[in-house]
Amino acid sequence: MYTYVGAYLKCKYSFKEESREVFGCSKCEKLRIGKDDKFCSKCGIEFTQIKVNKTKIKKQVQYVICEKIKDKLYYPDYVVDNGFDYYVPNLLTKARLVCSGDSYNPTSHEINQETILNCIIALTTEFSSSIDVLENEYGKENVSLVFGALSYS
Ligand SMILES: [Zn+2]
């Protein structure tokens with residue numbers, strides 16, 4: 001497990017349906033990514049409306065998001081399952097106070113109001129285009145910037 005301490009993004013996951021109709025391949029269930037994609041890159045079949053389950057949709061949404069934000073933010077695979085998706089910075093940034101595994105050198109970080117504010121400002125400014133993508137995908141009201149400690153692997 002890693003423990004990240006700093007500012008990160010918490011996105012309320014709102015796909016409540018068990019399954020839904022999406023464009024994809026009826027043979028291998030590969031989902032269409034671009035609106036202009038006509039054929040499955042795996043087996044060549046023309047994309048049609050298919051029914052897929054919630055987990056598959058979630059994975060697809062995350063995949064599309066990570067492509068759009070050019071992996072500037074990292075989506076941990078294994079994280080607390082409480083109805084939210086979490087994104088942490090994937091670059092060296094002032095938004096991150098400490099992440100276990102960063103360094104073998106002992107450090108000490110005292111956290112006060114200023115520390116928290118500086119981390120949040122860094123996340124807002126350095127990742128503004130990525131935040132736009134998340135707000136677009138999850139809905140603006142579902143994306144929040146938080147300061148805290150997140151454990152993941
Ligand atoms: Zn296919």
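Of the 19 residues in the largest nonpolar core, which touch the most other members? In this predicted model, they are Tyr 8, Leu 9, Cys 11, Leu 73, Tyr 87, Leu 134 and Val 143. Two or more residues of this core come from each of β1 (2-12), β5 (84-89), α2 (113-126) and α3 (128-138), and β1 gives the most, with 5 residues. As a general point, nonpolar side chains tend to be buried together in soluble globular proteins.

Setting aside residues up to four places away in sequence, Leu 134 touches Leu 9, Cys 11, Ile 65, Tyr 87 and Val 143.

The protein contains 3 helices and 7 strands, which follow one another along the sequence as β-β-β-α-β-β-β-α-α-β. Its C-alpha atoms fill a box of roughly 55 × 35 × 25 Å along the principal axes. Of the 153 residues, 18% are buried. Among contacts with a separation of 6 or more, 67% are between residues 24 or more positions apart.

Tyr 74 is classed as partly exposed because 17 other C-beta atoms lie within 10 Å, whereas a buried residue would have 20 or more. Between the C-alpha atoms of Tyr 74 and Glu 110, 36 residues apart along the chain, the separation is 25 Å.

Note on methods
Residues are numbered from 1 along each chain as its sequence is written. This is a predicted model: local features need pLDDT of at least 70, side-chain atom pairs count only at pLDDT 80 or more; totals for chains, interfaces and linings use all residues. Helices (H or I, at least four residues) and strands (E, at least two) are DSSP runs, numbered from the N terminus. A residue is buried if 20 or more other C-beta atoms lie within 10 Å of its own, exposed if 12 or fewer, and partly exposed in between; C-beta atoms are placed from the backbone. Two residues are in contact if their C-beta atoms, placed from the backbone, lie within 7 Å. A nonpolar core is a set of buried Ala, Val, Leu, Ile, Met, Phe, Trp, Tyr and Cys residues joined through C-beta atoms within 7 Å.
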